[in-house]
Amino acid sequence: MTPDLMEAGSRARAAMVERQAQIEAAGGRVAARQQLLRLNEPDFTQGVALYLDDITVSFDGFKALNALTMTINVGELRCIIGPNGAGKTTMMDVITGKTRPDAGKAFFGSTIDLLRLRENDIVQAGIGRKFQKPTVFEQLSVFENLELALKADRSVRASALFRLNGAQADRIGEVLTLIHLKDSAQRTAGLLSHGQKQWLEIGMLLMQDPKLLLLDEPVAGMTDEETERTAELFLTLEGSHSLMVVEHDMKFIGELTEGKPNKKVTVLHEGSVLAEGTLAEVQANEKVVEVYLGR
């Protein structure tokens with residue numbers, strides 16, 4: 001074998017070894033991430049669903065979150081209020097992995113470090129988020145939307161072979177009843193009212209069986225009747241799920257907290273907690289009135 005062929009062979013073998021190492025490293029990262037999720041199943045034995053500690057997020061020198069600290073207990077329905085720019089959306093972005101903070105800690109239960117996980121891993125761990133504008137498959141029926149949202153293997157092969165079983169059909173029926181859309185199961189989603197689309201999207205989240213629900217202005221654009229029924233829905237979910245409800249509608253906040261003197265409302269301002277307590281307490285807080293309620 002000539003020297004040039006020997007040199008070419010050496011280069012090819014070196015390249016093959018390098019490619020194999022890259023493949024193994026990538027596989028190792030995936031395996032490590034999967035192991036992290038298996039080992040860090042949410043542990044709620046301490047009664048805490050979400051723990052944020054000194055979370056700081058800066059954008060070009062502006063602190064969207066400024067040493068934000070907050071705890072939400074298991075099964076709690078927590079209402080979050082505050083003026084525009086208070087940091088409410090950024091806070092949810094941090095919890096769901098969309099934004100990485102400059103400093104601080106964020107834990108789901110006592111075992112899952114949210115800052116170490118990607119967005120899809122956080123969803124798999126049990127955190128669901130609903131944005132202000134409803135996003136549903138408008139050309140499909142209500143039932144089909146819920147069927148697509150089922151928590152199941154979504155690989156190409158699994159999807160091609162998927163058949164709805166009895167337990168899954170029963171679960172869809174339960175959710176349809178819960179979101180007040182049982183009589184509209186076969187209706188095209190695009191024909192629903194705005195409020196009904198909001199309910200459908202909440203139902204799609206519930207099909208994933210989340211332990212913590214983040215709900216961003218869920219009653220914006222709803223009629224009074226739809227708002228009341230949404231309050232009923234959230235109060236039904238309370239206890240079996242932990243809920244964070246970000247909302248400006250104080251009447252809706254009142255419906256969620258009425259008759260429950262221990263239910264907390266958190267007020268954000270300039271990226272930090274300005275006040276926290278019952279609705280009556282934060283409404284009587286002079287600082288809250290000055291920066292938010294008095295406007």
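Which residues does Leu200 touch, not counting residues up to four places away in sequence? The first close-up answers this, after a short note on the model.

This is a predicted model, so local features need pLDDT of at least 70 and side-chain atom pairs count only at pLDDT 80 or more, while totals for chains, interfaces and linings use all residues. Residues are numbered from 1 along each chain as its sequence is written, and side-chain values use heavy atoms, with hydrogens and water left out.

**Close-up 1. Leu200 and the nonpolar cores.**
Leu200 touches Val136, Val142, Asn145, Leu146, Ile179, Leu181, Ala189 and Leu192, leaving aside residues up to four places away in sequence; a contact means heavy atoms within 4.5 Å. The largest nonpolar core has 44 residues, and Leu200 is among those with the most contacts inside it, together with Leu146, Phe234, Leu243, Val245 and Leu256. Helix H7 gives the largest share of this core, 6 residues. Apart from it lies another core, of 27 residues, including Ile72, Met91, Ile95 and Ile112. Here a nonpolar core is a set of buried Ala, Val, Leu, Ile, Met, Phe, Trp, Tyr and Cys residues joined through side-chain atoms within 4.5 Å. Buried means under 20% relative accessible area, exposed means over 50%, and partly exposed lies in between (1.4 Å probe, protein chains only). In soluble globular proteins, nonpolar side chains tend to be buried together.

Helices (H or I, at least four residues) and strands (E, at least two) are DSSP runs, numbered from the N terminus. All 5 of the 5 residues of strand S8 (residues 242-246) are buried, so S8 is largely enclosed by the rest of the structure. Ser242, Met244 and Val246 point one way from S8, and Leu243 and Val245 point the other way. In a regular strand the side chains alternate between the two faces of the sheet. Strand S3 (residues 77-81) pairs with S8 in the parallel sense over 4 bridges, and Arg78 has Met244 in S8 as its bridge partner. S7 also runs parallel to S8, joined by 5 bridges, with Asp216 opposite Val246. Two strands count as paired if DSSP finds at least two bridges between them. S7, helix H8 (residues 224-237) and S8 make a right-handed β-α-β unit: with the strands pointing away from the viewer, the path from the first strand over the helix to the second runs clockwise.

Four strands form an open sheet in the order S2-S1-S4-S5, with antiparallel pairing. Its edge strands are S2 (62-73) and S5 (112-113), and each pairs on one side only. Strand S4 (residues 103-108) meets S5 over 2 bridges, and Phe107 has Asp113 in S5 as its bridge partner. Helix H2 (residues 88-95) packs on the sheet, touching S1 (48-59) and S2, and its direction makes about 115° with that of S1. For such angles, axes are lines fitted to C-alpha atoms, for helices over the stretch in contact, and the values run from 0 to 180 degrees between N-to-C directions. H2 is mostly covered, with 7 of its 8 residues buried; among them are Met91, Asp93 and Ile95. Just after H2, Gly97 takes a positive phi of about 85°.

The whole structure holds 10 salt bridges, each a side-chain nitrogen of Lys or Arg within 4 Å of a carboxyl oxygen of Asp or Glu. Asp93 and Arg129 meet in one of them (2.7 Å, N to O). Asp93 lies in helix H2 and Arg129 in strand S6 (residues 127-130), so this pair ties together parts that are 36 residues apart in sequence. Both Asp93 and Arg129 are buried. Glu201 and Lys130 meet in another salt bridge (3.3 Å, N to O). This pair links Glu201 in helix H7 with Lys130 in strand S6, 71 residues apart, and both Glu201 and Lys130 are buried.

Glu276 forms a salt bridge with Lys264, their closest N and O atoms being 3.9 Å apart. Glu276 is partly exposed at 37% relative accessible area, and Lys264 is partly exposed at 36%. Salt bridges that share partners join Glu76, Arg78, Lys264 and Glu276 into one network.
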